[in-house]
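Here is a short tour of some side-chain pairings and the places they sit. Have a look at the model first, then read on.

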Amino acid sequence: MDLTGKFLIAMPGMGDPRFEHSVIAVCAHSDEGAMGLIINKPLPTPAFSDLLESLDIERPGADIRFDQPILFGGPVETGRGFVLHSPDWTTGEGQMEVTDRLRMTGTRDILEDIAMGRGPNQALMALGYAGWGPGQLEEEILDNGWLTADSDADLALDAEHETKWVRALEGMGIDPRTLSAAAGHA
């Protein structure tokens with residue numbers, strides 16, 4: 001089962017506070033493992049404008065809508081940045097098609113284009129990513145750690161981070177108040 005382009009929605013009782021109430025956009029999944037970005041955990045600092053400044057990227061045409069919090073993308077390589085964005089911006093390198101409506105780019109050129117006002121229409125920036133070795137994610141799903149759902153680009157890229165977990169569950173027809181941390185197996 002290929003989960004590329006799906007959402008992982010953390011179940012109550014996840015056990016790892018870094019992933020509690022997380023919604024993860026799975027960017028790649030194969031027999032070799034999986035990687036994704038948590039799309040609903042803003043970091044207190046730095047702001048996007050501070051990141052551009054620290055990278056010596058001038059922002060003469062920067063669109064203010066991108067001056068939003070940077071997200072905690074996951075606990076792996078937390079010093080590395082990734083941009084999840086709409087498909088209207090493309091580059092030759094460093095870009096991964098997640099779905100027909102989502103791309104992930106991990107190269108500096110997207111930050112430069114955003115700063116110049118010619119980046120994608122929708123984007124979020126994350127530091128770090130969530131990663132799993134071969135079979136690890138599948139095991140976590142079987143252990144009742146994650147629900148899987150079809151992704152929703154509008155939900156993934158909007159700025160209402162604090163409600164994404166509830167909205168992702170509701171999009172599946174699930175009332176979050178009815179979820180249990182206990183796993184059941186037939």
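Asp113 forms a salt bridge with Arg118, their closest N and O atoms lying 3.1 Å apart; the term means a side-chain nitrogen of Lys or Arg within 4 Å of a carboxyl oxygen of Asp or Glu. This is a predicted model, where local features need pLDDT of at least 70, side-chain atom pairs count only at pLDDT 80 or more, and totals for chains, interfaces and linings use all residues. Residues are numbered from 1 along each chain as its sequence is written, and side-chain values use heavy atoms, leaving out hydrogens and water.

**Salt bridges**
- Asp113 is buried at 16% relative accessible area, while Arg118 is partly exposed at 49% (buried is under 20%, exposed over 50%, partly exposed in between, with a 1.4 Å probe and protein chains only).
- Glu112 pairs with Arg108 at 2.7 Å between the closest N and O atoms; being 4 residues apart in helix 2, they are separated by about one helical turn.
- The count of salt bridges comes to 8.

**Helix 2**
- Just after helix 2, Gly117 takes a positive phi of about 80°.

**Thr4**
- Thr4 is found in the segment before strand 1 (6-10).
- Thr4 and Val26 are 22 residues apart in sequence, yet 5.3 Å apart in space, C-alpha to C-alpha.
- The Thr4 side chain reaches the backbone nitrogen of His29 at 2.9 Å.

How values were computed
Helix = DSSP H or I, 4+ residues; strand = E, 2+ residues; numbered from the N terminus. Polar contact = N/O pair within 3.5 Å; in protein donor to acceptor, adjacent residues only side chain to side chain.
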